[in-house]
Each structure stands twice: as C-alpha cells, then as structure tokens.
Amino acid sequence: MSTPQPVSGQPLSAPQKRQRDLRLDFFRGMAMFIILLAHTPGNSWTLWIPARFGFSDATEIFVFCSGMASGIAFGSVFLKKSWFLGAARICFRVWQVYWAHIGVVLATALLMVLIDLTQFGAPGKVYADWFPVNGIFNNTGPTLVGLFTLTYIPGLFDILPMYLVILAMVPIVMAIYRVGGREAVFAFIAVVWLCANLAGYARKMADAEDLSAIQSAAVWAGDYFTWMNFPGMLWSKNPDVAANSTWFFNPFGWQLVFFTGFCFTMGWIPAPPVTRTLVWIAIAVIVITTPFAWHKMFQYMTGFVPDSMVGRALWDAREFIEPVRWKTWVGGWRYLHFIAVAYLAFAAVGPGGIRLNTGWGVIQRAAGTRFLIRCITGVVLLLTFPYTYISEIKYLVPALDAWFFNNIPLVDGRYLGILHLIHLTALIMLIWHSIGDAWRQWLVRDAFLACVPVIRKVGTQSLAVFLVSIVLSRFNGAWMDGIDAWLATSDWTYITERDAWVRAMVNLTGFGVLIATAYFCGWMKSQPWREKAKTAKPAPDSQNRPQAVPAE
C-alpha cells in the first residue's frame, strides 16, 4: 500500500524542530494556579475560576496544552525516527505518569494521617476519613489492588489516569495517520468521542422511563460501548458504589480535547485567522453559555435569579441540555465553549504570542469621558457600599449598622451577591480610570511582562507542579480549617465571617509553593552538578607564536 500525501500534497516527513511555544507554557502555567484553587476545600476564591462562569475550565486548558506538548515532544520521533521508537517513547512517558499517580495518592493519604496526628486542622475532624483516601485505611488490601490496577480512581486523583490512557492512544493515531492521513485521524477521534458520549448516555438513562424513540435508539447504541466507562471503585465494600462508579474523566471523551491540541502542533489543523466576525462569534458562545453554567444564575432558589417562571425555565433548560454540557464525557457544548475561550485567548496574545513579550497598549480616552466614568462609578460605590461590607460595618460601627438597616430596607440576602459584583466592577473601573495613563501602561505592560516568565516557568514543569498542587490543596484546606477554628474563639468575629485576608494568605502562599517547585525542578533538570564542557585553547608552538588558522 502506498503512503498517502496527507498535508497539501507534501510527502510524509518530520516537522522542523520548533522553539518552545510561549503560549503553551503560559496557559499551562495559568491552569496550574487555577487547579490549585479548585482543589482546595472551603476556598472562596473558587467562586472566580473559569468553571463558575462557563462549562469548560482549567482541565480543558491542561489537557489541550498537554496535547500540544505531546505533538512537539513525540510527533517528530514518530515521523523522523520510526513508529516503533515513537511508541516506545510514549510507553516510557506512560510509565512515568503511572508511577506519578501512584505516588501522589499515597502521599496525599499520608498527609491526611499526619494532619490528624498533629491536630493541624479543625478540632474533632478526622481527615483520614476523607472519601478519596479512606479506602486505603478501611479496606486496605482490595483498595491497593484497585490503586495499582487503576480500578480505584476516586475524585481529585482522576486526571493522571485519564491522561495516561490518552497518551497510550497516540501510537494508534500515528498509525492511522500513516495509513489514511489526517482525514482518517479526524474521523477516528470523532467516532471515539461519539461512542464515549453514547456510552455515557446509556449509563445515565439506564433506569429512565418514557423515553422517546431517539432517546431509546441512543441508549441502545450506547449499550455496545459501555466498556468505555472504566470502573472507578471496583473494590469498594459498597456493592452499589462498586457497580456504578466510573472514572470521572472518561479518556475516550477527553481525547477530543487532547488531540485537538495535538493536531495543531502536528500541523494537521491550521491556525485559525483572527477576524472580528470570529471574535464576536466566540464572545456570543461564552455569553449564551453563562446563564446555564454560572451557579449563581441557574440555582434560582438561592442564586441571582428569583424563584419565578424565568428561574424555573432556566433550571429546566439546564437539566434538558445535560448531555451536551457534562464533564465526564466532554459534551458537545462544553467542547464548543472551550474552543471559543481558547480562540479568544489565542487572539488576545497576538500572532505567535507576541504580546507575551510586548504587553498591551492603553486606549486613550478624553478627559471628560474619564471624569464621567469616575462620577458614575463613585455613585454606584456609595449605593452598594452598605450591602457589600455588612459584616465589617456591623463589627466596626454597630450604631451605623442598626440605623441603616432599620431605615433602609435590606436587599434579600440571596441576591446580595449581585450588589457585590456591581460594587467590585465599579471599584475596578474607578481605580483604573483614576490612576493615570502612566500607571495603566505599567500594569498592562511592565507588571504583566514581569509575571509572564514566572507563569511560564510553572507551565514548563507542569507535571511536577501538578503533583505538588494535589497534596498542597489538601494541606491548604486543613490550614484554613485550623485558622477558622482559631478565629471562631477570638474576638475577630467579622474576620471569621468575611475571611478575605485568611483566604488570600493561604492561596498566595500556595502560589508561592508552586512557583518554588517549578524553579527548583528547572534547576535540577539543568544538572548543575555536571561539569560544563570547556573549549580547549590551542597551545602555542615552540617559538611561542600562535598557531595559524586553517583556511576554510
């Protein structure tokens, strides 16, 4: 069988050696910080991560960038060396990720025991009873078998198993590429993703009644692919858990995100053009998604939308579209939302990520316009101030608190969050339009460019940083528990209720640990203990004359 000419009629050949992509490391580094926040229990900062406003989140960033990195790291081995050596390189990486997964689970379980022994966290709380690790202590033998066979995949420890299964699919994709070209690869990725979603639908609707003809057909088709739902708690003492639990991140669904990034760096998918039309389409996708994804919108009983016909309709619509937004199998709308976010990020950093080297310029506005904005935002701040700092006013000026809420009706507590957001937005705008052009330029250029190398360093050491973040997130959660317990017995009651400073201290310390980990790993990988090769200087001849330079 002859080898196809897969890309623009060019022969199958290895891609040229690339420089490390600024965007890849930068966004992967950003994902590491977000993942730490998301995994830290009791962390109010998680209210501001991307997952709270849209279907996709930092997991997509991590998996997509890992696909891009794999295309750069392994693609040339398959094409320049051989398929066999490429597959061997993948097997070695899978072996590394496998033992990294085993190590991080055991290290986290050990941390939970240490927290209990040292009483570092909240008094009376048993951290070793935390569900993802308690099987190691309560059902040790079967749980260890499940851990090493990847049939015990509890929450928090589910990303790396998904990643290593997808890595194992890379040799299959490369073999398909050699036989059928990039079109065959696209078909394979799409079919596997569709089958995974059908398997998920069959699992979700297994006990449903009154299904339509289309739903019944989807369940029937999905039953043939239920093997794609890998068991997540096969050795649990609870028969229902053992029978019904699956991997939270289904690798056959998530391979769509991974291989999208892989195909970009392999050159099988061209970089999209940056046009105003596409930018507005991406913005529209994100805006339309927000009401169905933001928990403060769709939870009409406790969120921003009142208990009304609109609120109930929003909730019903969210439930109806569940198959296209679910996370386990990467629903179609969820994938579309990520592509929209990724496109806007791609457009924002400029061609080749040039703005990661240059920063941004400041839009100049007329003095009158800035004055008008400051006046409007000032009024908004005054009107929302009492509702935003309720706890602080109550603690510092009880008389003012009593007068205000006795004379001015208080907004329903369920909707105070709306005023908080309005207040925060107005405060940011007021500061931005008051600091002057020089300071604005410093923020979007100098300060930003100072952060880029640090974020990129975290991205270049993503596996090591990710492993540390998993353990660190549990430590930070216990740390916040301990601080909250101490504050509850102190006179600083308002800090206990509005613990912004506590959360900031813990989260920023966690960021510092991730940064230190990245720089330490980078330093170790540079092998500073090895003696650098020195260029020997030519010895002078017997008459102490320099040797002649040979002709070219």
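**Salt bridges in a predicted model**

**View 1. Asp-25 and its partner Arg-456.** Asp-25, at 0% relative accessibility, counts as buried. In this predicted model, the residue forms a salt bridge with Arg-456, and the closest N and O atoms of the two are 3.6 Å apart. Because Asp-25 belongs to helix 1 (residues 22-39) and Arg-456 to helix 20 (residues 437-460), the pair ties together parts that are 431 residues apart in sequence. Arg-456, for its part, has a relative accessibility of 22% and therefore counts as partly exposed.

**View 2. The salt bridge between Glu-322 and Lys-204.** The side chains of these two residues, Glu-322 and Lys-204, meet with an N to O distance of 3.9 Å. Glu-322 lies in helix 13 (residues 322-325) and Lys-204 in helix 6 (residues 159-204), so parts of the chain that are 118 residues apart in sequence are tied together by the pair. Glu-322 counts as partly exposed at 26% relative accessibility, and Lys-204 is partly exposed as well, with a relative accessible area of 43%.

**View 3. The salt bridge between Arg-503 and Asp-484.** Here the side chains of Arg-503 and Asp-484 meet at 3.0 Å, N to O. The pair links distant parts of the chain, with Arg-503 in helix 23 (residues 500-525) and Asp-484 in helix 21 (residues 462-488), 19 residues apart. Both Arg-503 and Asp-484 are buried.

**View 4. A network of salt bridges.** For the model as a whole, the count comes to 13 salt bridges.

Technical notes. Residues are numbered from 1 along each chain as its sequence is written. This is a predicted model: local features need pLDDT of at least 70, side-chain atom pairs count only at pLDDT 80 or more; totals for chains, interfaces and linings use all residues. Side-chain values use heavy atoms; hydrogens and water are left out. A salt bridge is a side-chain nitrogen of Lys or Arg within 4 Å of a carboxyl oxygen of Asp or Glu. Helices (H or I, at least four residues) and strands (E, at least two) are DSSP runs, numbered from the N terminus. Buried means under 20% relative accessible area, exposed over 50%, partly exposed in between (1.4 Å probe, protein chains only).
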